[in-house]
Amino acid sequence: MKRHIRWFCAVPLLAAVLGVSLAAQAVGTRRFVLHRGDDFKGGDLEGVAVDSAGAVRAGLSLGSVPIAEAGSIWAALPMRDGSLLLGTGNEGKLIRVTDGATRVVGETGGLVATSLVEAWNGTILVGTLPEGKLLRFDGGKVVPFATLKGAQHVWQLAYDARAGVVYAATGPEGKLFRISRDGDAQVYFDAEEQQLLSVAVAPNGTVYTGASDKAKLYKLTGPGRASVLYDFERTEVRAVVVGSDGDVFAIANEIKPDPNAQKQSKIPEGAPAGPVAPGAPAKGKGTLYRFSPDGRPDRLLEEDDDYFTSLALGDDGLPYVGTGTEGRVYTVDRSHNAVLVADVAERQVTALVMRGKQRVVLGSDPAVVHPVRGVGGPNAVWTSKVLDAGIRARFGRIEWEATGPIEISTRSGNTKEPDDSWSPWSRPLTAHGQVESPPARYLQVRARFSRDPRAVLTDLNVAFVTDNLRAVVTEVSAKAREERPDDAVTSSGGPIGKRPDSNLELRWKVDNPDKDELRYRLRYRMVGSNTWYDILKPNEKLTKESYTWDTSDLPEGRYRVLVIATDELANPPELVTRSELESGVLVIDNTPPVIDGLKLVGKRLQAVVLDGVGPIQRVEVSVAGSDEWRPIAPSDGIFDEQREELDVDLSSVLPAGPALISVRAYDSANNFVIKNFALK
Amino acid sequence: MVARKGAVRYTAVTVRLTTLLVAAAALGLLAPLPLGLGRAEAGDATFRPDTLPVEKIRRGMKGYGLTVFEGTKPERFDVEVIDVLPNFRPRQDLILIKTKHPRLDVAKVVAGMSGSPIYIDGKMIGAYAYGWTFGAEPVAGVTPIRNMLEDLARPLPEVIDGWPLRILPKNGASIAASSRHNGHLGQAPASRPGRYEGDLRQYDVREHAERLAERRAASLPGAGQSPLVPVATPLLIGGMTPGAVALAGDLLRPLGLEPLQAGGGGGTDPSAPQRFEDGGAIGVQLIRGDMSAMGLGTVTRVEGDRLVAFGHPMMESGVTALPTAVGKVLWFLASDMRSFKIGMPVRPVGALVNDRMASIVVSHSAQAPIIPVTMRIRGVPGLPNANWKFEVAHEKFMSPSFVSIALGSALQAMASERQDISWTATSTLAVRGHGRIRLEDYGVAIGGTPSAEEFSRSNLVRALGAVLNNPWQPALIESLSMDIELRYAREILRLRGAEVLKPEIDAGEPAEVRLTFEPYSGPVVTRVVTVPIPAHLAGETVQLEIVPGYLEERETAPPDNLAALLANFENPVFPPKSVVVSYATGSPGVSFRGRVASNLPPGAFDSLRPTTSSIAPAPFQSKSRVVVPIPEFMVGRDRVTVKVRPVLR
């Protein structure tokens with residue numbers, strides 16, 4: 001079963017308004033409830049891990065070694081002397097990190113040293129871009145090793161110890177090279193895709209390579225003998241690794257580059273290089289799959305708001321993935337239980353080494369090496385994201401569930417980002433208790449795991465009550481359910497509009513700063529009268545910002561509607577606030593006009609048409625039985641009054657013999673009346 | 001008449017000010033006042049016993065001036081003070097004089113007399129420097145000597161833009177003192193006045209000239225603001241064609257230099273004076289050798305190794321290093337508009353080292369850098385002398401200007417024709433510390449020889465201007481050579497149009513485009529170009545652009561240093577005699593510090609562009625190109641589209 005994990009819920013935690021049943025005890029009280037994995041993320045995770053079920057526990061404890069000589073780290077190779085060799089960008093330097101000290105040990109001349117591999121018992125090969133050079137790093141010297149014809153980018157190298165060859169995944173011609181110890185490079189596989197970004201060799205010698213721009217994972221069993229193991233239907237297979245048991249792990253992404261970068265893109269002019277506007281990070285989503293040795297896929301992890309940039313296996317055989325937008329490291333077990341084990345300050349985790357003695361998390365933008373010091377430790381601290389009450393709030397009790405002793409502190413402030421104006425962290429609580437931080441809009445919670453590194457925090461909630469702010473009705477509108485378009489001009493000769501609907505749709509807008517649940521009351525009065533009448537039934541409770549008003553029983557006329565909003569549902573009587581707003585004039589016209597004094601004088605039709613509210617809109621005449629209605633004009637030539645006289649010559653309309661003649665009159669609300677007379 | 005009325009009024013003001021100042025002095029308030037009165041006294045750096053400060057000049061005073069009317073020996077002319085214009089320029093008065101001499105009665109104000117020293121009571125008061133265009137009287141403005149001596153006293157750096165001035169001072173102590181100021185004067189190249197600030201790869205001599213002219217117009221009194229303008233410096237040009245002189249006029253006239261067809265090649269006359277003298281003719285040599293251009297003026301005052309001249313700036317370029325020479329005057333050419341001296345250099349001596357508001361400062365011992373230029377013209381049957389040699393002043397604006405003027409002139413002189421000429425030029429630019437770069441230029445001149453104007457837009461001149469105006473470091477051009485080959489033919493293929501042979505192709509199948517060319521003469525030529533279209537573009541409509549190779553720019557990284565700039569100039573476009581068929585691959589690319597990476601996958605592109613640093617690769621859209629050599633230069637461009645079927649059939 002595929003498990004879809006949505007880690008990042010964008011909805012702020014202004015959640016969990018308690019039900020009406022608790023109103024008597026705590027009117028207006030709400031809670032920040034942190035329960036799911038998403039809820040516990042977004043803040044600062046220092047040496048703690050958060051899993052998808054919402055458990056916070058001690059995680060990887062990371063050190064930090066900034067790499068001033070580079071902006072990004074693309075590859076890391078633990079050396080036999082205990083140092084770490086880095087392949088970096090954007091000047092293609094090789095940097096050695098020894099006991100926290102960094103030193104540039106080689107210049108590849110490229111933009112990026114993309115990949116490092118140790119082959120043939122100590123030969124270190126370096127892949128580069130943009131000239132697609134495969135170099136050998138030999139004790140401080142970087143020398144050419146092999147020519148990869150047609151390659152501009154070497155994305156990944158993999159050593160096949162059994163066959164004694166190195167594979168190089170390259171672009172932009174999508175070629176996989178097989179390089180022998182003497183530097184002879186042969187094309188092993190030529191993919192249809194532009195890039196082969198990743199390559200790994202299974203213990204049995206099977207080669208797996210991942211492509212871009214179509215995210216296909218190929219399985220190769222010999223030169224040119226390739227089959228598609230899986231088509232991810234995304235844009236790239238960024239990395240692939242093979243476990244000792246033959247399981248294949250691959251990360252694939254769907255990445256949309258910054259559209260502005262594409263717009264600006266043009267050949268740079270000759271002006272001296274200057275500051276380049278930082279690009280907006282690409283948006284993408286990533287997925288991690290495991291394939292059994294016989295090729296069965298198992299989707300382990302799915303990210304919709306971040307994509308994956310690095311993949312490594314741990315000593316325990318579990319996969320670890322680094323992300324490209326939030327700088328996080330996840331691991332996931334076969335039960336699909338995903339755990340966020342590290343959250344670094346850098347934007348991307350571009351390389352991981354999670355096996356052996358030198359475990360490191362490599363961050364880029366900026367470049368930082370994070371040695372893994374262990375799990376947990378005295379500094380393991382979880383800090384929540386900033387919890388927003390919407391407006392100023394007083395905080396009540398804080399409660400949590402934990403399997404061991406942890407220390408909880410809070411701080412509060414009125415700026416979205418914590419700064420000097422925030423209160424200091426409160427004294428640590430080891431048991432549920434009152435939040436000591438002063439009233440404010442924002443709150444942060446911190447948990448320390450120093451007392452028991454094995455403790456697990458699972459649920460946390462904080463009660464708060466906000467200041468009661470008055471909701472204000474800002475706009476009231478009404479329209480018939482069936483109504484002519486706003487821009488239509490009424491016509492006495494054009495198509496006839498639909499018959500009026502006596503149901504009026506009343507709508508109003510409310511500015512409700514504290515998000516209290518509101519109750520609305522509606523009233524109406526005739527224009528000219530000061531008496532308001534209720535529209536709603538006596539105990540009808542209206543909480544929506546709209547109401548359908550049946551006006552069929554109302555006498556026609558001009559009316560106004562009053563909307564009254566109160567927050568009585570969320571506050572005790574002494575704190576209830578109220579706001580009201582009157583609508584504009586509404587015309588209610590549910591009765592047709594009247595045709596009076598209808599007669600035929602010679603061939604002239606004479607009559608008076610009257611309506612109670614609006615002007616007469618249209619009068620027509622028809623020979624009974626025909627559906628051809630001929631418009632006729634009033635005596636003054638214009639339909640603009642409630643009373644219109646008719647005196648029309650019907651010579652061209654009337655038949656020669658006897659007939660039944662119909663006269664039809666419309667008012668401005670499209671109510672109509674038909675009156676007949678016999679022509680003899 | 002107006003001037004006289006004004007003079008009376010100014011005198012009255014001066015008297016009142018004097019009265020006030022006497023009172024102020026009595027109260028001990030004089031010292032902080034920034035006025036000129038009372039400054040040129042013993043102890044003042046500009047005090048000289050043989051000079052007369054402007055405050056002591058009175059209307060009606062009579063004296064004389066020195067200038068060379070003919071040959072190299074200064075001669076006297078009489079002067080009478082009309083009055084003093086206080087604060088004519090910021091903190092600079094102007095002494096109005098009337099000159100009396102039979103030649104000056106005819107010539108009135110004479111270009112080339114700028115700097116002629118003026119004496120009253122045997123004491124130098126300043127330099128003849130300002131005049132009126134179309135002046136009806138021999139009346140001139142004199143820049144006070146004090147302002148010029150201030151310029152003379154300014155410390156100079158030992159090195160200008162990487163070039164050691166090698167000044168051999170008479171008074172070592174004073175130069176040592178000057179050297180101590182070098183830290184301040186050795187400004188970063190980026191802040192040097194007159195530097196071209198635009199896109200270096202598109203360096204444009206004309207644009208540079210306009211920027212300089214704007215600066216000069218902003219700092220000098222000019223037409224429309226004051227009738228008094230600096231007496232123009234005649235730029236005497238020898239060995240150039242009228243077209244080249246006209247271009248020189250366009251570029252240099254707004255800078256106060258008046259190009260005039262004259263003569264002279266920059267050789268040495270053994271009988272010429274060894275040193276400059278007060279009132280002697282001085283030339284600033286911008287080009288010398290087979291061609292010459294010299295700004296002619298007059299020495300005002302020699303003090304030891306240095307001297308001041310002109311009484312106004314030449315181009316107000318500040319600290320500089322331009323070669324100078326003792327000048328010889330052949331004649332005054334009188335004109336209603338503006339008279340001028342015609343002359344020539346007779347002995348190269350020293351260098352102009354400071355070009356300031358009130359004067360130019362010249363050192364006898366300084367040696368200015370020059371750029372040796374050689375040009376070889378091939379392809380002209382029976383050409384008597386195909387080789388040209390000359391030296392051009394090493395200066396940010398003058399060097400590219402005169403190189404383009406001189407090359408165009410040489411070509412026109414040797415190969416002036418009414419025929420169509422196709423040409424290709426290979427140039428070498430030697431930059432100290434950076435070796436030589438090879439530059440290609442080419443063109444087709446229809447109905448005549450390529451002009452100097454065309455050379456001003458050449459890759460060579462752009463590169464020269466860019467190197468000299470680079471913002472990173474001083475650059476010394478060691479030499480420049482051009483080998484130009486002419487062919488009397490119109491080597492043009494006009495692109496009549498393009499058509500795809502198959503408007504819809506399978507994924508992975510190449511597109512075939514038939515190009516139809518019309519040569520200048522002869523039958524229409526067609527060529528089928530095969531453009532590989534990668535399979536990943538299946539389902540896309542691919543737009544193929546067809547452009548001449550010389551218009552298709554290669555992707556380069558914005559330069560971070562001089563070496564990168566030079567590298568970018570070496571191969572800026574595709575072979576000029578080629579046609580380039582290209583399409584956008586849809587993948588981004590980046591360039592950074594000389595490296596260019598194209599066709600990147602989106603994830604790698606994202607990782608290459610940091611959000612935390614603005615020192616980052618510049619993005620561009622990748623293109624795929626097919627370059628097809630053709631025998632001639634293509635003219636025109638076109639675009640066709642081809643659809644790639646979404647699935648394999």
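**Figure 1. Helix H3 of chain B, mostly covered.** A residue counts as buried here if 20 or more other C-beta atoms lie within 10 Å of its own C-beta, with C-beta atoms placed from the backbone. The model is a predicted one. By that cut-off, eight of the nine residues of H3(B), which spans residues 145-153, are buried. They are B:Ile145, B:Arg146, B:Asn147, B:Met148, B:Leu149, B:Glu150, B:Asp151 and B:Leu152.

**Figure 2. Chain B as the setting for the close-ups.** Chain B holds 12 helices and 33 strands. Of its 649 residues, 48% are buried. Take the contacts in chain B with a separation of 6 or more, and 71% of them join residues 24 or more positions apart.

**Figure 3. Helix H8 of chain B, end to end.** How many of its 18 residues are buried? The count is 16, and H8(B) is mostly covered.

**Figure 4. Helices H8 and H10 of chain B, packed against each other.** The axes of H8(B) and H10(B) sit 9 Å apart, at an angle of about 165°. The two helices are therefore roughly antiparallel to each other, and their crossing is right-handed. On the H8(B) side, the contact is made by B:Ser399, B:Pro400, B:Val403 and B:Ser404. H10(B) answers with B:Val461, B:Leu464, B:Gly465 and B:Leu468. Sorted by class, that gives five nonpolar and three polar residues, with no charged ones.

**Figure 5. Helix H10 of chain B again, this time with H11.** H10(B) runs over residues 459-468 and H11(B) over residues 562-570. Their axes come within 11 Å and cross at roughly 175°, which makes H10(B) roughly antiparallel to H11(B). Which residues make the contact? H10(B) brings B:Asn459, B:Ala463, B:Ala466 and B:Val467, while H11(B) brings B:Leu562, B:Leu565, B:Leu566 and B:Phe569. By class, seven residues of this contact are nonpolar, one is polar and none is charged.

**Figure 6. B:Ala489, in a loop between two strands.** B:Ala489 lies in the loop that links strand E23 (477-487) and strand E24 (492-500) of chain B. Is B:Ala489 buried, exposed or partly exposed? It has 14 other C-beta atoms within 10 Å, so it comes out as partly exposed. Setting aside neighbours within four places in sequence, B:Ala489 is in contact with B:Asp420 and B:Ser422. B:Ala445 is 44 residues away from B:Ala489 in sequence, yet the C-alpha to C-alpha distance is 9.2 Å.

**Figure 7. Where chain B touches chain A.** The contact takes 43 residues from chain B and 53 residues from chain A. On the chain B side, at least two residues each come from strand E29 (578-592), strand E30 (595-597), helix H12 (602-608) and strand E31 (618-629). H12(B) gives the most to this side, with six residues. By class, the chain B side divides into 21 nonpolar, 13 polar and nine charged residues.

Conventions: Residues are numbered from 1 along each chain as its sequence is written. Chains are lettered from A and ligands numbered from 1 in the order in which they are written. This is a predicted model: local features need pLDDT of at least 70, side-chain atom pairs count only at pLDDT 80 or more; totals for chains, interfaces and linings use all residues. Axes are lines fitted to C-alpha atoms, for helices over the stretch in contact, and angles run from 0 to 180 degrees between N-to-C directions. Helices (H or I, at least four residues) and strands (E, at least two) are DSSP runs, numbered from the N terminus. Angles under 35 degrees count as roughly parallel, over 145 as roughly antiparallel, 65 to 115 as roughly perpendicular and the rest as oblique. Two residues are in contact if their C-beta atoms, placed from the backbone, lie within 7 Å. Ala, Val, Leu, Ile, Met, Phe, Trp, Tyr, Cys and Pro count as nonpolar, Asp, Glu, Lys and Arg as charged, and the others, Gly among them, as polar. A residue is buried if 20 or more other C-beta atoms lie within 10 Å of its own, exposed if 12 or fewer, and partly exposed in between; C-beta atoms are placed from the backbone. A crossing is left-handed if the near helix is turned anticlockwise from the far one by less than a right angle, and right-handed if clockwise.
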